[in-house]
Amino acid sequence: MSVAVQAQQENSEAEAVTDEEIEKFASMKDSVNHFMEVKQADLESMIKDNEVFDVGRYNEIKEAWGDDAKLAEINITDEEKAEYQEILDTKNSLSDVIKERMIALIKDDEVLGAATYNKVNAAMKADPEVKAKVDALIAEKTSARAPEEEGDGA
């Protein structure tokens, strides 16, 4: 029985994550979160700074979208339809773009590497302390980045 316990201890020690691995994982997650925030802001700008319609008209079109009778009722133009569709396409592609970015960062051994990602991800699921460490680091990185962005006027 002591052999089984010893093997189990060695196994769990082999799977223990280092602070460096946690740091890399948190950095990757923060990078993805930041990328997502930037893309979301770009989408919001597409709507706010639109030359075809203002935000109020955008919301009106959004409510009627998919219902030809309602679209006719609000007198939507072909130009507005095309512009709204472009915004929709951008919005719909966001999750794919973000997912691709995350996969690229995970696969890049200099950034994180798939083995480290899987190891830290598994440790987070198995150990609430590891998850808390990762979450705290991500929050720290996010708050450290926030003042920079305010200074950029972005």
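Residues are numbered from 1 along each chain as its sequence is written, and side-chain values use heavy atoms, with hydrogens and water left out. As the model is predicted, local features need a pLDDT of at least 70 and side-chain atom pairs count only at pLDDT 80 or more, while totals for chains, interfaces and linings use all residues.

The chain contains 7 helices and 0 strands, giving the pattern α-α-α-α-α-α-α along the sequence. Helices (H or I, at least four residues) and strands (E, at least two) are DSSP runs, numbered from the N terminus. Contact denotes heavy atoms within 4.5 Å; among contacts between residues at least 6 apart in sequence, 68% join residues at least 24 apart. Buried residues account for 27% of the 154 residues in the chain, where buried means under 20% relative accessible area, exposed over 50%, and partly exposed in between (1.4 Å probe, protein chains only).

The chain averages 86, and 84% of the residues score at least 70. Confidence is highest in H3, at 96, and lowest in helix H1 (residues 2-14), at a mean of 41. Over residues 1-14 pLDDT stays under 50, and for this segment the model has 1 contact beyond four places in sequence.

H2 reaches 42 Å from its first C-alpha to its last, close to the expected 44 Å. For H5 the end C-alpha atoms are 43 Å apart, which agrees with the 44 Å that its 30 residues should span. The buried residues of H5 include Glu 80, Glu 83, Tyr 84, Leu 94, Met 102 and Ile 106, and their cover includes H2, H3 and H6. In H2, the buried positions include Glu 21, Phe 25, Met 28, Asp 30 and Phe 35.

A nonpolar core is a set of buried Ala, Val, Leu, Ile, Met, Phe, Trp, Tyr and Cys residues joined through side-chain atoms within 4.5 Å. The largest such core has 20 residues, of which Phe 25, Met 28, Tyr 117, Val 130 and Val 134 touch the most other members. Helix H2 (19-48), helix H5 (78-107), helix H6 (114-126) and helix H7 (128-152) each give two or more residues to this core, and H2 gives the most, with 6 residues. Leaving aside residues up to four places away in sequence, Tyr 117 touches Phe 25, Met 28, Met 102, Ile 106 and Leu 112. A second, separate core of 13 residues includes Tyr 58, Ile 61, Ala 64 and Leu 94.

Asp 30, in helix H2, counts as buried because its relative accessibility is 11%. Beyond four places in sequence, Asp 30 touches Ile 138, Lys 141, Thr 142 and Arg 145. Arg 57, in helix H3 (residues 55-64), counts as buried because its relative accessibility is 14%.

With residues up to four places away in sequence excluded, Arg 57 touches Ile 74, Asn 75, Ile 76 and Glu 80. Arg 57 and Glu 80 are 23 residues apart along the chain, and their C-alpha atoms are separated by 9.3 Å. Asn 75 itself lies in the loop between helix H4 (68-73) and H5. Asn 75 counts as exposed because its relative accessibility is 59%, and has a positive phi of about 55 degrees although it is not a glycine.

Key. The expected span of a helix is 1.5 Å times one less than its number of residues. pLDDT is the predictor's confidence in each residue, from 0 to 100.
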